[in-house]
Amino acid sequence: MSTTTVSQLDKVKDGPWSGGKSPWNLEYGKIMMWFFLVSDAFTFSAFLIYYGAQKFAQPTWIDADKIFQSIPGIAESGQPLVFVGIMTFILIMSSVTMVLAVDAGHRNQKNEVVKWMLWTILGGLAFVGCQAIEWTHLHHQGFWFGRNPATGLEGEAIVEALAPYFTKDISYTAALQFSNLFFTITGFHGFHVSIGILLNIIVLCMTLNNTFERRGTYLMIEKVGLYWHFVDLVWVFVFTFFYLI
Amino acid sequence: MSNHNENIAAHDHHGEHGGMDKKGIWKVFFILLALTALEFLIALGFVHHWGIIQKGVFLNIIYIALTLVKAYYIVAYFMHLKFEKPGFIIVCSVGFVLIVYAIWLILVEGNFLLGAFQSHPLFPNN
């Protein structure tokens with residue numbers, strides 16, 4: 001096969017998109033993981049935009065500083081944002097250990113991958129545990145899907161039940177919308193974290209089983225890593241819109 | 001198919017298209033940590049403790065800007081998007097123009113509903 005003459009037509013088909021090669025230099029599964037994450041980002045965006053729209057549509061809203069005030073086991077009230085700060089730190093930390101696992105996978109260091117995957121799973125479990133505590137706390141206060149502390153009360157009792165959570169005027173509807181959206185959105189996020197932990201455990205088992213070593217590449221760690229970072233990314237937004245603003 | 005994957009993996013190895021080493025990973029981590037710490041300093045210190053800044057539009061813009069910077073660092077470095085081919089970066093990010101449009105549309109709609117269909121009782125908080 002010498003290269004004496006190449007017809008003009010054949011030359012035209014030589015670009016990155018002419019077939020026969022991977023124009024993005026990415027493996028199929030990784031591209032599909034990205035596209036799934038883009039679509040999932042749209043879902044979370046829709047949730048958070050609806051939360052914003054509700055805030056705009058209500059004359060008053062619950063004060064985040066007043067509703068998230070407890071540190072389980074340390075302080076029952078008066079400490080806004082501290083507990084969620086710990087949760088945020090845990091999730092960022094587990095994101096870092098995930099990148100370190102991916103990095104170890106690039107160097108084909110099985111033991112290092114196992115070590116960092118274990119830390120990542122631990123971080124994920126700690127986060128879900130914290131969220132369970134937070135949910136329990138709010139549930140005890142009377143917040144849940146379709147209800148708030150004033151559900152079933154009449155007249156002045158509504159004001160009394162909701163006054164601790166508002167700085168401005170008090171609205172039963174606003175408290176109810178907050179309650180529904182908080183549990184829906186953090187619940188959907190927590191569901192993603194749980195799935196992420198499950199995927200992490202699966203790839204950890206595959207690593208221990210030498211599956212990737214035999215395959216010659218730790219690409220699967222990278223794909224699951226993408227999902228895990230996405231979960232962290234969503235939390236960054238949930239944290240801002242629920243706890244800060 | 002498996003042959004194809006190995007080709008890409010092998011290419012990845014000697015290609016080293018500007019990925020991150022351990023030092024780079026920890027650097028991004030400390031940037032994220034610093035940004036989060038700044039958010040807490042604003043929320044707990046300036047707003048809650050010292051009362052220097054009032055909650056409002058100005059503060060929200062600061063929070064959202066910090067959030068977007070954090071999101072950039074996670075997507076670009078942790079998710080490695082910055083080091084992919086430009087075509088792929090465009091494919092993954094161009095759709096979010098629609099999200100910006102949706103934010104604008106739906107918040108305007110919410111604002112309209114505030115004046116239009118309010119029949120919920122409001123109680124003064126004293």
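Start with Asn210(A), which counts as exposed because it has 10 C-beta neighbours inside 10 Å, and 12 or fewer is the cut-off for that label. This is a predicted model, and you'll find Asn210(A) in the loop between helix H7 (172-208) and helix H8 (211-215) of chain A. Most residues other than glycine have a negative phi.

Now hop over to chain B, where His80(B) also has a positive phi, about 70°, without being a glycine. His80(B) sits in the loop between helix H3 (57-78) and helix H4 (86-93) of chain B. Is His80(B) buried or exposed? His80(B) is buried, because 20 other C-beta atoms lie within 10 Å, and burial takes 20 or more.

Back in chain A, an unreviewed UniProt entry lists residues 31-53, 81-104, 116-135, 181-205 and 226-244 as "transmembrane region". How does the model draw these spans? Take two of them. Residues 31-53 of chain A are 100% helix and 0% strand, with the end C-alpha atoms 33 Å apart. Residues 226-244 of chain A are likewise 100% helix and 0% strand, and there the end C-alpha atoms lie 26 Å apart.

Finally, a word on confidence. The predictor gives the complex an ipTM of 0.88 and a pTM of 0.88. Chain B averages a pLDDT of 84, with 85% of its residues scoring at least 70. Among the elements of chain B, H3(B) has the highest mean pLDDT (95), while helix H1 (residues 2-15) has the lowest (45). Over residues 1-17 of chain B the pLDDT is below 50, and this stretch has 13 contacts in the model beyond near neighbours in sequence.

Conventions:
Residues numbered from 1 in each chain as written. Chains lettered and ligands numbered in written order. Predicted model: local features only at pLDDT ≥ 70, side-chain atom pairs only at ≥ 80, totals over all residues. Helix = DSSP H or I, 4+ residues; strand = E, 2+ residues; numbered from the N terminus. UniProt positions renumbered as here; feature names shortened; annotations may be inferred. pLDDT = per-residue confidence, 0-100. Contact = placed C-beta atoms within 7 Å.
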